[in-house]
Amino acid sequence: MRANLEISRFSFEKTACVLLGAVFGIILIILPIKMSILAVFGSIITVIILIRTEVGLLLTIAAFPFEIAGNFNLAGANTAFQTISVVKILGVITALSWLIHLSKKRYKIVISPQLFVIIGLILTGIISIYFGTYHGEFYVKKAMKYLSMYIIYFAIFFMMINIIKSKALIQNIIFVLIFIAAISSLYSVVQRVVPRFRVEIKTKEDDYYRSHGAIVDPTEMTTIGFMVIRTSSIMAHPDGFALFLALTIPLTLYRFELSRDGPPKIGWFLILIMQFIGLTLTFCRGGTYTVFIIMMLMVIKRVIKPSWEKIFIVIAAFAMLSILVLNSKTALNRLFDPGHVVKAYSFHGRLDLIRAGVKMFIGNNWLFGIGMGNYDYNLPLYSNIPFTYEPTNEYTRILSEMGLLGVFFSLALYLLTYTNFKAAEKRFKKYNELQMYYLTITLHACFFGFLFYGLTQVTLTRKELPIVMALAFVLKQLSNKLGAIKSKKPEILKLDTS
């Protein structure tokens, strides 16, 4: 049986190489040289993914932060919504690879309760759009964007729980995320010091969907005395970049702490400092507070073990950030001065947006809401804010646009994730698998941090949350597998040990 599988695998790889050679020949003949190079490179990546599904998963996750920059316009310059991204292309190829290997190995497909909950969110979104209060072109496109994100949630969850079968692949995912974060943070410094990377927001679509680079934010000129320059690296917005770093900084701390009993890991330390610099340059309050909340949870759970040396390093790092990077004590007021935060327009504006969302829910369809994507349209009817804007709060969006059904399914998804983390923590600790135990705690803390971040931003369009929720289920499965091994139960024979 094993010999047959090896022969089958060899035949598949040989066929893929022959097809790749044919594609190369056609490409080199009919395309210009630059396009030929890109097409050949893309073909090589495609074949590698078709042979190794896990490589496709890693590349897809690595491309998540760069999705906006990797968009291809499908229908002209004025249709910013009609795009396909490199992430989606990699995801489709990875799914195709998984299907090919599934047809050969015929291993069991994993179905989790979260998939049914996400289907409930998709159906609720569709119904809410149908019963929406307005169906103008802009709002329909926005509704379709939100709906597509729930579909992407489903795809991320399904592929991760069916592809990830080992601790090694999870660790590789962590390394990829940390590496991308370090590169992105370094690029954000370039954006900050090179003026030509600053981008002026001129339209609403710029504000929602453009990759900003480094932007001059004048919103709090009256309270801190000058305009703040915020960076977003290659991502869509500084707040999105901050959320990504709120995942990778704790993961870097986790890796750094694993080496505490061995020689110092200067590389991890430098990567960590670079990410903190990137976070500071976003000037994002929500992202900064989220990181500190996650770090506090990691300290409480003993993932991070405080020491005088670490406290000194943190104090010194913030001093260097203040003097060398920001070059102004006043600029830090935006992040850490409670008086300024309370006075800030964005703080009061967010409270107004929340109040408006509650009024929308009360005054409209309680079951399905006002319709996905319709918050902006209804805002002038329920608030004195002189312009339309998104709710800047994930829970306000769910309540106002998707009603009680949206709230129910969202809470169910969060609760299932929480129970998965708790089950994994309990088993890993019971069987003394400390490396996975601390990783589970770290991701669990990130999950709580993301829920907090949802108070300040609409997080649906970000991929970090579904990645963490899917990993919660995978960690629970791996902890069950570990328990079966330790208990010498026959159930282990049913699990993929690849």
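Reader: Over residues 72-83, where does the pLDDT stay, and how many contacts beyond four places in sequence does the model have for them?
Author: The pLDDT (the predictor's confidence in each residue, from 0 to 100) stays under 50 over residues 72-83. For this stretch the model has 18 contacts beyond four places in sequence, a contact being heavy atoms within 4.5 Å. This is a predicted model, in which local features need pLDDT of at least 70, side-chain atom pairs count only at pLDDT 80 or more, and totals for chains, interfaces and linings use all residues. Residues are numbered from 1 along each chain as its sequence is written, and side-chain values use heavy atoms, with hydrogens and water left out.

Reader: What does the protein average in pLDDT?
Author: The average is 78, and 71% of the residues score at least 70. Residues 1-10 have a pLDDT below 50, with 5 contacts in the model beyond near neighbours in sequence.

Reader: What makes α5 and α18 roughly antiparallel?
Author: Helix α5 (residues 113-130) packs on helix α18 (residues 394-430) at about 165°, with the axes 9 Å apart. Angles over 145 degrees count as roughly antiparallel, those under 35 as roughly parallel, 65 to 115 as roughly perpendicular and the rest as oblique. The two helices are therefore roughly antiparallel.

Reader: Which residues of α5 and α18 meet?
Author: On α5 they include V117, I118 and L121, and on α18 they include L405, F409 and L413. By class, this contact has 10 nonpolar, 9 polar and 1 charged residues.

Reader: Why is α7 called oblique to α10?
Author: Helix α7 (residues 167-193) and helix α10 (residues 238-258) pack at about 125°, their axes 9 Å apart. That angle makes α7 oblique to α10. Residues in the contact include F175, I178 and A181 of α7, and F244, L247 and L251 of α10. By class, the contact has 12 nonpolar, 6 polar and 1 charged residues.

Reader: Is T392 buried or exposed?
Author: Buried means under 20% relative accessible area, exposed over 50%, and partly exposed in between (1.4 Å probe, protein chains only). T392 has 5% relative accessibility, so T392 counts as buried. T392 lies in the loop between α17 (375-382) and α18, and its phi is near 50°, a positive value in a residue other than glycine.

Reader: What makes R302 partly exposed?
Author: The relative accessible area of R302 is 44%, so R302 is partly exposed. R302 lies in the loop between α12 (285-300) and α13 (308-326). Phi of R302 is positive, near 70°, in a residue other than glycine.

Reader: How do you know that helix α3 is mostly covered?
Author: In α3 (residues 53-63), 8 of its 11 residues are buried. Among them are L57, L58 and I61.

Terms used
Axes fitted to C-alpha atoms, helices over the stretch in contact; angles between N-to-C directions. Helix = DSSP H or I, 4+ residues; strand = E, 2+ residues; numbered from the N terminus. Nonpolar A, V, L, I, M, F, W, Y, C, P; charged D, E, K, R; others polar.
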